[in-house]
Every structure is written in structure tokens, then in C-alpha cells.
Amino acid sequence: MKSRRTHYEVLSVTSSSSLADIKTSYRELLLATHPDKVRGPAASGAERLNKTYSVDEIKEAYRVLADDNLRKKYDNDLLEDGKKKGIYKFGDGVDEVSLDTFDMNEEDSEEVMHYTRKCPRCQVADGFKLNDDLLEEFAVPCENSDDGRFQVLIQCDSCSLWLKVYFFCAEEEEEA
Ligand SMILES: [Zn+2]
């Protein structure tokens with residue numbers, strides 16, 4: 001059984017790429033695979049990918065990612081796959097961002113730090129929301145990391161985008 005490439009990899013885009021980016025990449029890839037254009041100057045990356053993926057793969061990837069509903073369903077399938085493989089391994093097609101890129105707000109009443117971030121895909125200002133309680137509950141240590149780096153997967157409230165958020169745990173452990 002050969003490992004399956006994600007549609008994002010086939011189209012040389014990421015899970016946060018806009019529809020416009022996906023269309024551009026798709027056209028470049030198709031041009032690069034077209035027999036008449038093989039000798040022409042292929043777009044960067046497209047020529048390389050052309051040797052890896054068939055036209056059918058490229059078309060299928062585009063069919064799914066260009067359709068809002070199909071893309072959402074596909075994103076969720078990817079996430080389920082990732083869960084089966086273990087959260088640590090879930091990397092394909094998921095962008096990694098630092099918690100430093102979030103805006104921080106402390107809510108006076110609760111004294112819990114809240115983090116919000118603009119979604120790179122749908123551009124909703126606070127598409128991604130986190131707080132210290134959620135981080136404490138769901139964050140896991142990064143694989144192969146002995147520098148205190150933690151990560152958590154979160155999904156945009158408005159679209160289906162998943163991001164892997166990492167941060168360094170600043171708290172000192174109280175050990176005797
Ligand atoms: Zn979004």
C-alpha cells in the first residue's frame with residue numbers, strides 16, 4: 001500500500017490557501033502536464049510535481065478543493081485520518097503557527113488569558129480562539145521536542161481550516 005498524498009500536496013498548496021491560490025496552482029500544473037507545453041518554461045514547482053502526479057490526480061484534487069462543501073468534508077476526513085495516526089503525526093497540509101501570532105486579551109472577570117487570531121483562509125478576524133484553560137486541557141508536547149514545546153490543533157469558527165498552534169511552556173514545574 002503506497003502512501004496517499006493529500007489533495008493539498010498534489011496541488012502544491014496548503015490548507016490555508018485561498019481558492020484563488022488553488023486555481024492558480026491548478027492552472028500551472030495543468031499547463032505543465034500538457035504535452036504541447038512540456039518544452040515550454042514550466043512554472044516553478046509545477047515541472048517537478050508534473051513528474052509526481054498524474055493529470056487525473058491533479059483534476060480530482062482540484063474538483064474537491066475548489067468546492068466549498070467538498071473541501072470542508074475533505075478537511076474533516078483529513079483530521080480524522082490524523083487522529084487515527086496520532087495527533088503528533090498530523091502534519092500533512094496543516095499549517096503550523098506560533099501562539100505568538102495570536103492577539104492576547106485578559107478577561108478581567110476570569111483572569112484567564114484569551115487568544116484570538118485572524119484566519120488565513122477566510123480572513124475572519126477572530127476565526128481562531130484559544131484560552132489558557134483550553135491549552136491546559138488539550139495541548140500535547142510536540143514530538144521529538146525536549147525544549148518544552150507544546151502543540152494543539154484548532155479549527156476556524158467560520159471555515160473548516162485547521163491550524164497546528166505551538167507554544168513554549170513558560171511555567172516552571174514545581175518539583176521537589
Ligand atoms: Zn476561517
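What spacing do the donors of the zinc ion follow along the chain? In this predicted model, the donors follow the pattern C-x2-C-x33-C-x2-C, and the residues concerned are Cys119, Cys122, Cys156 and Cys159, each coordinating the zinc ion through its SG atom at 2.3 Å. The protein chain has an average pLDDT of 78, with 73% of the residues scoring at least 70, and the structure holds zero disulfides.

**Zinc site**

- The arrangement around the zinc ion is tetrahedral, because the four donor atoms subtend angles of 106 to 113 degrees.
- As a reference for that geometry, the ideal angle for four tetrahedral donors at a metal is 109.5 degrees.
- Distant parts of the chain are linked by the pair Cys122 and Cys156, which lie 34 residues apart: Cys122 sits in the loop between β3 (112–117) and β4 (128–131), while Cys156 sits in the loop between β6 (149–155) and β7 (162–168).

**Accessibility of the zinc ligands**

- Cys119 has a relative accessibility of 0% and therefore counts as buried, and Cys156, with a value of 4%, also counts as buried, the cut-off for this class being under 20% relative accessible area.
- Cys122, by contrast, has a relative accessible area of 28% and is therefore partly exposed.

**Surroundings of Ser17**

- Ser17 is placed in the loop between α1 (7–10) and α2 (19–33), and its relative accessibility of 10% means that this residue counts as buried.
- When neighbours within four places in sequence are left aside, the residues in contact with Ser17 are Ile22, Arg71 and Arg121.

**Confidence along the chain**

- Among the elements of the protein chain, helix α4 (residues 55–65) has the highest mean pLDDT, at 94, whereas helix α3 (residues 46–50) has the lowest, at 48.
- Over residues 38–45 the pLDDT stays under 50, and the model has four contacts beyond four places in sequence for this stretch.
- Residues 85–91 likewise have a pLDDT below 50, and this stretch has 15 contacts in the model beyond near neighbours in sequence.

Definitions and conventions: Residues are numbered from 1 along each chain as its sequence is written. This is a predicted model: local features need pLDDT of at least 70, side-chain atom pairs count only at pLDDT 80 or more; totals for chains, interfaces and linings use all residues. Side-chain values use heavy atoms; hydrogens and water are left out. Donors are N, O and S atoms within 2.8 Å of the metal (3.2 Å for Na, K and Ca); water is not among the atoms, so sites may look incomplete. Four donors count as tetrahedral if all angles lie between 85 and 135 degrees; four count as square planar and six as octahedral if opposite donors are over 155 degrees apart and all others between 65 and 115; anything else is irregular. Helices (H or I, at least four residues) and strands (E, at least two) are DSSP runs, numbered from the N terminus. Buried means under 20% relative accessible area, exposed over 50%, partly exposed in between (1.4 Å probe, protein chains only). Contact means heavy atoms within 4.5 Å. pLDDT is the predictor's confidence in each residue, from 0 to 100. A disulfide is a pair of cysteine sulfur atoms within 2.5 Å.
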